[in-house]
Protein chains: 2
Amino acid sequence: MSSHTLQFTARTSVNGVVERDFTVGGVTGALWSPESGADGAPLVLMGHGGGTHRKAPAMKGRAQRLVADGGFHVATIDAPGHGGRPVTEHDEREIDAMQEAMATGVPVGPIVVRYNAYLAEQAVPEWQATLDALQRLPEIGADGPVGYFGLNMGTAIGIPLTAADPRITAAVFGLFWPDLVAETARRITVPVEFSLQWDDEHIPREAGLALYDAFGSREKSLHVNTGRHKEMPRFEADSAVRFFVRHLRAPAPAAV
Amino acid sequence: MSSHTLQFTARTSVNGVVERDFTVGGVTGALWSPESGADGAPLVLMGHGGGTHRKAPAMKGRAQRLVADGGFHVATIDAPGHGGRPVTEHDEREIDAMQEAMATGVPVGPIVVRYNAYLAEQAVPEWQATLDALQRLPEIGADGPVGYFGLNMGTAIGIPLTAADPRITAAVFGLFWPDLVAETARRITVPVEFSLQWDDEHIPREAGLALYDAFGSREKSLHVNTGRHKEMPRFEADSAVRFFVRHLRAPAPAAV
């Protein structure tokens, strides 16, 4: 259990949703909560994608849905080298390598996979320290259910995090390769919703299906949609809200 | 356009849902509608699975959700040889063959595929005559949007029906083999939601994925869940309601 304290640095409130910036041991984060009924509400941790940050539009949009439609607390933190955090020479070399691969039409997957695995080694203990600190807040508490929601790099970090931390009891992942994370995914047994794009120009269908297949969860759903890597339909964010409502708020549904 | 008239034979009303039995040219059916706000509501045609009938529990349960949560009219008809309809010697031979295959552990797929294709040849014109008659009802009308929802045999009949009838503008299918229907599925271009079971003891994964892949639709979603053939989770019925709300009531959603 980390002893880092969570410090709030800013607070706004829009449309019934309270947004608070925070730091935990030098890591910058954001916490969204309902204006009312927040006490003891379940917590969803949300990991952002590569090249973005804790308050990117996709994070704010999903947080808004999770708070408004699910009544959850939602927390994000900046991954190492992202958002307000220092970029190392190693980060710069890997980002250059990804950009060169994209520009020259070389598969970017192997670089993303190795770089995200490197970031995950640092990010997993940061997430666990953040969760420790969040659970010391009176409106969250140490006993409430916790979910994790992350696509792309958010999956690369979320798989080892979910496998390592038994406090996380449901997770939404997607858009990643099985290389380096499939073995860890086999150790995950909590309910999972996993999404992939049928026409993903970076991740072959077979790779996405293999990662879905790898999860050790008895209860796991796969959502496939047509379109390229960045064209996942917005209704999948609503599906994630319902998934967390089912698993963090209610008993498991029966079969038809 | 068929000139068969729809005749109502019974009417009940429970929890805000009106259920009316009907016949069209000797085919028995059921129509569920909201008690209020039904005028001009979109219509969802629902095909039942093999060995069941127009008012089987799964049909009533899905109709209840579609009416209560989507405000739709929902119509089912008995497939040939099912429900209140005559069973021919050919039907009896095929049913015996399926039961023997199941009992002896022989793959049942080839028999289901050929028998359902046989039934579909008769069922498609029956559905079209039923839709003609339903659209002459003042509370439905000829201009409203129409969806189709059917799994198992409901998919075997629904694929050629949806390919043949341009009035159907969105469809939910699932749990079937690609053999004999994949070529027809390629001609379907309306939005499709397709479900399969990852541990289906009758339909291999590759077969289900191949049928999803076959649809010509620009917009198509695949939902996979763990579990055997009959273990599709009940939340997929709710997903189908939302699919029809998106496509029969609202403009297409934008990408994230």
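Five bridges join strand E9(A) to strand E9 of chain B (residues 220–225). The two strands run antiparallel. Strands here are DSSP runs of at least two residues, helices (H or I) are runs of at least four, and both are numbered from the N terminus. Strands pair if DSSP finds at least two bridges between them. In E9(B), B:His223 is the bridge partner of A:His223.

This is a predicted model, in which local features need pLDDT of at least 70, side-chain atom pairs count only at pLDDT 80 or more, and totals for chains, interfaces and linings use all residues. Residues are numbered from 1 along each chain as its sequence is written, while chains are lettered from A and ligands numbered from 1 in the order in which they are written.

Now the wider interface. Contact joins 22 residues of chain A with 22 residues of chain B; it requires C-beta atoms, placed from the backbone, within 7 Å. On chain A, strand E9 (220–225) and helix H7 (235–249) each supply at least two residues of the side that touches chain B. E9(A) gives the most, with six residues. By class, this side of chain A has 11 nonpolar, five polar and six charged residues. Nonpolar means Ala, Val, Leu, Ile, Met, Phe, Trp, Tyr, Cys or Pro; charged means Asp, Glu, Lys or Arg; the others, Gly among them, are polar.

How are the copies related? A rotation of 180° with 0.0 Å of shift along its axis superposes chain A on chain B, at RMSD 0.0 Å. That is the relation of a two-fold axis. The same surface serves both copies, as 100% of the contact residues of chain A recur in chain B. Of the residues of chain A, A:His223 comes closest to the rotation axis, at 2.4 Å (C-alpha).

Definitions and conventions:
Two residues are in contact if their C-beta atoms, placed from the backbone, lie within 7 Å. Copies are superposed by least squares on the C-alpha atoms of residues with pLDDT of at least 70 in both.
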